[in-house]
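Hello,

Here is the structure I promised to pass on. Please have it open while you read my notes below.

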Amino acid sequence: MTAIVACRGCGSPDLSAFLDLGRTPLADALVGDDVLANPALEERFPLAVAFCRKCCLVQITEDVDPHKLFVDNYLYFSSFSDQLLDHSRNHAMNLIESRRLSGTSLVVELASNDGYMLKNFVEAGVPVLGFDPAPDQAEAARRIGVPTREEFFGLGAARALREDGVGADVIIANNVLAHIPDPNDFVAGMAVLLDDDGLITVENPSVWDLVDRCAFDTIYHEHYFYYSCLSVKLLVERHGLHLNDVEYFPHLHGGTNRWHIGHRDEPTARVLERLEAERAAGIGEFDFYADFASRVSEVRSRLMTLLTELTADGESVAAYGAAAKGATLLNVVGIDTGLVKYVVDRNVHKHGRHMPGTHQPIVGTEVLRDDPPDVLLLLAWNFATEIIAQQSDFAERGGRFLVPIPIPELV
Ligand code: DWN
């Protein structure tokens, strides 16, 4: 772990911190019995965020070893959200058609997880290659026929593929550009691997929405960076690539951009409009972020007050979604097992573990029937629609949902 004193994008020392969430455990480092027995084993790291006044890149100010984050104890599997699977399939089908992909094409996904995305190309007969360093996820992908290299992607891996005569027609990078400590090495690797007329699509939550919706819980050590169109444009141009288009998905992960990047400089009106809208909103200036900490403090206070009142009134509270963002929320607000007694999750790999730092047990959703709470705190609020629909029985039995972001609200 090292403190960051210069921008990891452009190297500028002109970094201005605007939020400090204290020392928190790693958000996806779900706790086993060993740490429960000896809590001193659980590591915590400073979690603070800064803005680069030169290249607009928002970033955390501590550097945690990616192996700790994504290899040693990482249980996130993409295939436990129907919304995400539908979103990914639509993306794949659109790419196959728009890029006229065939059996002679190659689609490479970086951070391909359990094959949730690439399986769609395999089914259509389009050759694929995944990169993911997480061993269990890579193995799950290979089991469904998605060739996967169990390694971090970067310039070295790209050069090795090129030396073997391999180039990509399409490179997909969903929720990974934020997750790597050296974005320049990563983007340089994409530039080398992408064929001349190829397309890179990069998806990440929008920092504009993060601030507007006060989604401070999406800040954790896995997320080194929080991107705008402005910061992505400057990052990719540093490596001879160009931001040519952007799609916006307001209901995915709290607001997600899908950036279209290529070797040629051919921006659409849509991306030019989005860039101008960001400039007009002040996304490229520090002042946009200056009051975020006070707004976060207000949400933290309101959520703690609401939970304390519910508990004092004899209402039992559990949580839904052993999400990384849930770990930040529970730890930063200070929500212990006295306020939230357990967390349910459909991801069976997480069952039997405990939430980082606050140690709520993670159990299957059947517990909502066997030991029903009065209120269900939606840690995975980004999937609120899907989860509320799925848990209609809970609501019919009089259960209520507590949506914490952007303002804590019982629904
Ligand atoms: O970048 C990342 C973001 C985009 O997604 C990664 N760090 C991993 C992940 O972060 P997260 O863990 O905060 O994201 P999710 O996908 O919002 O987590 C949802 C959790 O809820 C998962 O553990 C799966 C679970 N879930 C469930 O139990 N039932 C999700 C749905 C939709 C459900 O119906």
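Some ground rules come first. This is a predicted model, where local features need pLDDT of at least 70, side-chain atom pairs count only at pLDDT 80 or more, and totals for chains, interfaces and linings use all residues. Residues are numbered from 1 along each chain as its sequence is written, and side-chain values use heavy atoms, with hydrogens and water left out.

**Ligand site**

The ligand is surrounded by 24 residues. The closest are Lys 325, Asp 345, Arg 346, Lys 350 and Gln 390. By type, the shell holds 10 nonpolar, eight polar and six charged residues. Nonpolar means Ala, Val, Leu, Ile, Met, Phe, Trp, Tyr, Cys and Pro; charged means Asp, Glu, Lys and Arg; the others, Gly among them, are polar.

Helix 12 (324–333) and helix 14 (384–390) each supply at least two shell residues. Helix 14 gives the most, with three. Helices (H or I, at least four residues) and strands (E, at least two) are DSSP runs, numbered from the N terminus.

Now the polar contacts, meaning pairs of N or O atoms within 3.5 Å. Lys 325 places a polar side-chain atom 2.7 Å from a ligand oxygen. For His 179, the distance from a polar side-chain atom to a ligand oxygen is 2.8 Å. A side-chain N or O atom of Tyr 220 lies 3.1 Å from a ligand nitrogen. The protein covers 97% of the 700 Å² of accessible area that the ligand has on its own (Shrake-Rupley method, 1.4 Å probe).

**Helix pair**

The axes of helix 6 (residues 155–163) and helix 7 (residues 183–193) come within 7 Å and cross at roughly 15°. Axes are lines fitted to C-alpha atoms over the stretch in contact, with angles from 0 to 180 degrees between N-to-C directions. Helix 6 is therefore roughly parallel to helix 7 (angles under 35 degrees).

**Backbone details**

The peptide bond from Ile 405 to Pro 406 is cis, with omega near 5°. Pro 406 sits in the loop between strand 18 (400–403) and strand 19 (409–410). Cys 214, not a glycine, has a positive phi, near 55°.

Best wishes

Terms used
Near = heavy atom within 4 Å. Polar contact = N/O pair within 3.5 Å; in protein donor to acceptor, adjacent residues only side chain to side chain. Parallel < 35°, antiparallel > 145°, perpendicular 65-115°, else oblique.
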